[in-house]
Amino acid sequence: MFTNLADGPHSANRQCDLLILGAGPAGITVALETAAKAPDLNIIVAEAGGLEPSSAAELDLYAGDSEGSSPYSLSTTRLRYFGGTSGHWGGWCRPLDAIDFIARQQAGLAGWPINKPELMSHYRAAHQWLDIPDDNYDPKRLEPGLQEKLIDFSGNEWFQNRLFHFSPPTRFGTKYRSAIEQSDSIECLLNAAAVSYEHTDTRLNKVTVGGLHGQQITIQANRVVIAMGGMESARHLLLMQQQGWQAAGLNSPKLARGFADHFGLRPGILQLQADRIYQRTESSTGPVMPIITPTPEALTSEAWQNACMMLQITPAANRLPPGYTNHQALGFLGGDTWSYTVQMVLQPRSNENSRLELSTQTDALGLPRIKLFWEIDPRDYQSAQSIFTRFTHEIGRLGLGRGQLKPLDTKLRRRSASGTAHHMGTARMAEHAADGVVDRNLKVFGTDNLYVAGSAVFPSFGYSNPTMTIVALAHRLAAHLTATGTH
Amino acid sequence: MSNPGRRQFIRYTSGGIAGAALLAGGWWKWTSMQQPMMHASGLGADADQLLAALGGAGVLGEWIIVEHPDYDQPIVDLTQQLRSRLQLPADGPVPAAQFSEQLQQSIQQDFAAAALLAVQNWQLTRTEALVAVLRFKTAGVSAGAIAQAPIEQQIVKIANWGPRTTTAGTLPNSFGEGFSALWFDADNAPRWAQIEINNRRLFTTYRENRVLVASFQGQREFQQQLFSQPGEYPITLHDDMSNSWQHVGNFVVTEAAANELETTVAAENPAFCKVKNWGSRQTTAGVAKHPQKDGSMGVWIDIDCAPADTRLSVNEQSFKTHSSNGVITSNIPPEMFQQPGELSLSLVSESAGTQLEIGVLVIQPN
Ligand SMILES: Cc1cc2nc3c(=O)[nH]c(=O)nc-3n(C[C@H](O)[C@H](O)[C@H](O)COP(=O)(O)OP(=O)(O)OC[C@H]3O[C@@H](n4cnc5c(N)ncnc54)[C@H](O)[C@@H]3O)c2cc1C
């Protein structure tokens with residue numbers, strides 16, 4: 001059932017077993033999964049926006065300052081209406097690799113308090129939520145015609161082929177609207193942004209929601225899940241901290257620190273066998289994108305951050321002399337060679353200087369705006385360079401072509417680095433409050449009833465786009481919430 | 001070192017695709033001609049022949065010397081170093097098979113051990129660098145290419161041909177799979193006549209004894225390179241039987257306005273009125289909504305005012321527009337909506353130096 005707060009006066013107070021703040025992929029998945037598993041629970045979803053994309057004035061509630069080393073748009077990288085940012089996401093999907101969950105200190109990677117096998121059944125469910133029929137990411141299962149277009153890395157100690165899959169992309173606001181509408185146990189409040197909180201030492205008791213329309217109601221909830229996206233969730237946790245709530249998670253040194261996004265890198269050009277496909281393409285089971293990634297062994301031995309590479313056929317002014325790459329005496333396998341620009345997505349390190357803060361300015365609802373200081377750790381560039389350099393050696397050793405390096409860590413590149421709207425790491429999951437904000441069950445340390453869903457909780461990030469993991473974690477959270485009862 | 005053609009070739013290479021393609025044509029011809037050696041390497045006749053056949057290595061050799069002058073050594077020293085790298089006996093002739101095998105192995109080992117040299121930032125092995133410099137010192141880079149070149153003469157009269165121009169980033173006359181094709185009205189041309197553009201052979205067929213059709217089929221990368229860089233590219237017709245060629249004309253790629261502009265994106269744009277409406281906003285991969293004769297997809301933008309030179313920019317490629325009664329129309333070529341995804345549309349005016357964002361055209365999977 002939907003209730004639009006903007007439509008007029010409503011009874012001032014509500015009570016529920018579970019209150020979910022935000023109806024993006026995370027919030028909708030938690031709501032519907034919990035309702036399916038525990039139909040007796042009374043669930044309220046409070047969504048800041050309506051059913052249609054928000055007005056400029058509403059989007060302005062997301063505005064803030066970006067003061068990091070490269071510019072970052074706070075308002076175009078997220079949407080504010082039912083379905084959240086899935087209203088215009090691209091649908092690239094891939095679970096994190098097993099190694100992404102493991103702490104690797106040498107590479108500056110924190111690791112997760114849970115491992116991938118613990119998430120596997122939830123990843124499988126996430127595929128259904130995201131309308132991806134195939135959960136096999138091994139390119140060996142591709143039809144021979146496509147496999148022929150990949151580099152044969154069999155037995156290679158450094159690199160391997162992997163796949164991305166694609167969601168149609170599922171628009172959560174469209175696809176799951178009727179399920180929410182028809183649910184007996186879920187009430188979704190629209191135009192109902194959380195604006196203030198009442199707490200005791202360990203419990204969040206009441207949340208007041210409202211909007212530019214001026215209506216407000218207060219909801220008393222047994223348990224609350226914050227699912228407002230990776231920036232907004234951190235903003236609201238900072239608000240609770242600012243109000244003086246002493247809960248350990250809210251006072252963790254990690255809160256709103258280590259903000260990360262996947263940023264694009266172009267480490268160089270390859271002159272490589274013709275007709276290799278490492279871009280989105282059609283396969284017999286739907287769209288896929290083959291990628292090249294370092295092997296887990298190489299990641300460990302070289303202390304590299306995880307990364308994937310795509311190849312884009314490119315007009316290259318600068319090629320090796322014609323004919324050169326055809327000579328078998330020089331070890332080349334022969335055939336035409338094309339130029340490809342390498343696009344790399346690197347697992348960013350958690351950079352403690354990269355952070356969100358509350359500003360002294362307020363928005364039209366009276367909430368402090370945010371200030372983002374997005375900073376890429378310089379070691380990210382080194383890792384990318386080292387991976388690509390080794391890759392050019394392997395391409396050469398295998399007789400496939402040659403690689404040309406481009407300078408990566410230049411002032412210009414730093415200034416023009418651009419993220420991909422993956423807001424991660426601001427409320428990290430950890431074993432202890434010293435290392436993070438939420439525990440392995442996504443509960444804020446030191447609280448009894450406050451949870452966070454979304455990519456804010458990622459303690460390290462892999463190179464995969466986050467939504468598949470966000471939905472898997474939301475599915476897991478729903479299982480936890482139902483298994484642990486209503487209080 | 002005294003090869004008259006060499007400097008010119010090097011200049012061409014650094015000049016980008018035009019040069020690279022020219023080099024491609026010239027080099028291919030030379031290597032297939034088996035030129036005599038200029039100097040012996042000291043590795044024996046077999047190995048010398050193999051060295052001579054390493055087309056492209058000579059050019060690379062010269063690049064290396066320019067960037068790493070320490071490689072500019074007498075042939076005898078280079079040969080000695082190569083022998084030791086390849087673990088060959090210190091003197092005596094080396095059989096070609098052994099030379100080739102050891103070379104391959106040594107290059108592989110160099111890559112594994114990162115025994116490398118950066119040349120124009122290319123990651124090359126120390127072994128191949130030695131070979132390339134040796135190849136350059138013994139056989140130069142392009143001897144004989146000019147002497148044996150085909151003769152320029154009129155082969156056939158070409159009454160008309162087209163298309164003759166495009167804007168950078170736009171494929172001219174492109175068909176189903178996204179390959180451009182040029183046509184030539186040439187009565188009685190030899191059946192085996194072939195068209196080259198910028199010294200690169202196109203797939204040429206002869207229809208009804210009258211029209212030659214030269215397609216970029218199978219050369220997607222070259223096609224992309226050529227049509228993305230403004231310039232004039234010579235078109236020639238070739239008759240290999242009589243080793244002759246004739247100049248047909250120049251294909252002109254003009255600047256793409258949108259790519260070059262210092263654009264300003266503003267909500268209130270002084271040059272454009274507000275977009276009132278536009279469409280289509282959605283299509284299915286491979287399906288042209290508002291299909292045009294050439295398979296492209298028509299889009300319309302309802303806007304009260306826009307500069308006369310307004311173009312439609314689609315994912316940073318720009319296209320011509322027509323304007324009538326406050327509606328601007330333009331066509332998006334089929335290759336841009338074959339795959340599911342999103343195209344971001346904006347209007348661009350070079351004269352006003354501004355860009356107005358329209359929105360995103362979503363291509364759903366089929
Ligand atoms: C252009 C673009 C392309 C993308 N492509 C991909 C991709 O290909 N693959 C991928 O994995 N990811 C992609 N992403 C990222 C993806 O959209 C997000 O990871 C995903 O939407 C996050 O889900 P979420 O539910 O955590 O947050 P969101 O989707 O941001 O949802 C948060 C919800 O909370 C609501 N909200 C905000 N504040 C409040 C408040 N105070 N009270 C109540 N509700 C509130 C918002 O209105 C919104 O509905 C893309 C993002 C963008 C911008």
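## Ligand shell and chain interface in a predicted model

A backbone N or O atom of A:Gly84 lies 3.4 Å from an oxygen atom of the ligand, and the protein buries 92% of the 1,000 Å² that the ligand exposes when taken alone. The model described here is predicted. Chain A and chain B together bury about 3,300 Å², and the salt bridges counted between these two chains number two.

**Surroundings of the ligand**

- The ligand is surrounded by 36 residues, of which the closest are A:Glu47, A:Thr85, A:Gly90, A:Trp92 and A:Thr467.
- Besides the backbone of A:Gly84, at 3.4 Å from a ligand oxygen, a polar backbone atom of A:Tyr81 is placed 3.1 Å from an oxygen atom of the ligand, and a polar backbone atom of A:Pro466 is found 3.5 Å from a ligand oxygen.
- Four elements of chain A, namely the helices α1 (25–37), α7 (232–242) and α11 (467–483) and the strand β8 (193–199), each contribute at least two residues to the shell around the ligand.
- By residue class, the shell around the ligand consists of 18 nonpolar, 15 polar and three charged residues.

**Interface between chain A and chain B**

- On the two sides of the interface, 38 residues of chain A are in contact with 41 residues of chain B, and of the roughly stated total of about 3,300 Å² buried between the chains, 60% falls on carbon and sulfur atoms.
- Within chain B, the residues that lose the most area to chain A are B:Phe111, B:Trp122 and B:Glu221, which together account for 23% of what that side buries.
- Polar contacts across the interface are found for 10 residue pairs, in which both residues have a pLDDT of 80 or more.
- The side of chain B that touches chain A draws at least two residues from each of α2 (17–31), α4 (57–67), α6 (96–113), β2 (122–125), α7 (126–139) and α8 (220–228) of chain B, and the largest share, seven residues, comes from α6(B).
- This side of chain B divides into 23 nonpolar, 15 polar and three charged residues.

**Salt bridges**

- Over all chains, the count of salt bridges comes to 22, and the count between chain B and chain A is two.
- In general, side chains of opposite charge can pair when their charged atoms come close.
- One such pair is formed by B:Glu221 and A:Arg319, whose closest N and O atoms are 3.5 Å apart.
- Because B:Glu221 lies in helix α8 of chain B, whereas A:Arg319 lies in the loop between β14 (307–313) and β15 (337–346) of chain A, this pair joins two chains.

**Backbone features in loops**

- A cis peptide bond, with omega at about 5 degrees, joins A:Pro168 and A:Pro169, and A:Pro169 is located in the loop of chain A between β6 (159–166) and α5 (172–175).
- In chain B, the peptide bond that runs from B:Gly162 to B:Pro163 is also cis, with omega near -15 degrees, and B:Pro163 is located in the loop between β4 (160–162) and β5 (165–167).
- A:Asn191, a residue other than glycine, has a positive phi near 50 degrees, and A:Asn191 is placed in the loop between β7 (186–190) and β8 of chain A, where β8 is one of the elements that supply at least two residues of the shell around the ligand.

Conventions: Residues are numbered from 1 along each chain as its sequence is written. Chains are lettered from A and ligands numbered from 1 in the order in which they are written. This is a predicted model: local features need pLDDT of at least 70, side-chain atom pairs count only at pLDDT 80 or more; totals for chains, interfaces and linings use all residues. Side-chain values use heavy atoms; hydrogens and water are left out. A residue is near a molecule or strand if one of its heavy atoms lies within 4 Å of it. A polar contact is a pair of N or O atoms within 3.5 Å; within protein, one must be able to donate a hydrogen and the other to accept it, and residues adjacent in sequence count only if both atoms are side-chain atoms. Accessible areas come from the Shrake-Rupley method with a 1.4 Å probe; for residues, only the protein chains shown count as cover. Ala, Val, Leu, Ile, Met, Phe, Trp, Tyr, Cys and Pro count as nonpolar, Asp, Glu, Lys and Arg as charged, and the others, Gly among them, as polar. Contact means heavy atoms within 4.5 Å. Buried area is the accessible area (1.4 Å probe) that two parts lose on being put together, summed over both. A salt bridge is a side-chain nitrogen of Lys or Arg within 4 Å of a carboxyl oxygen of Asp or Glu.
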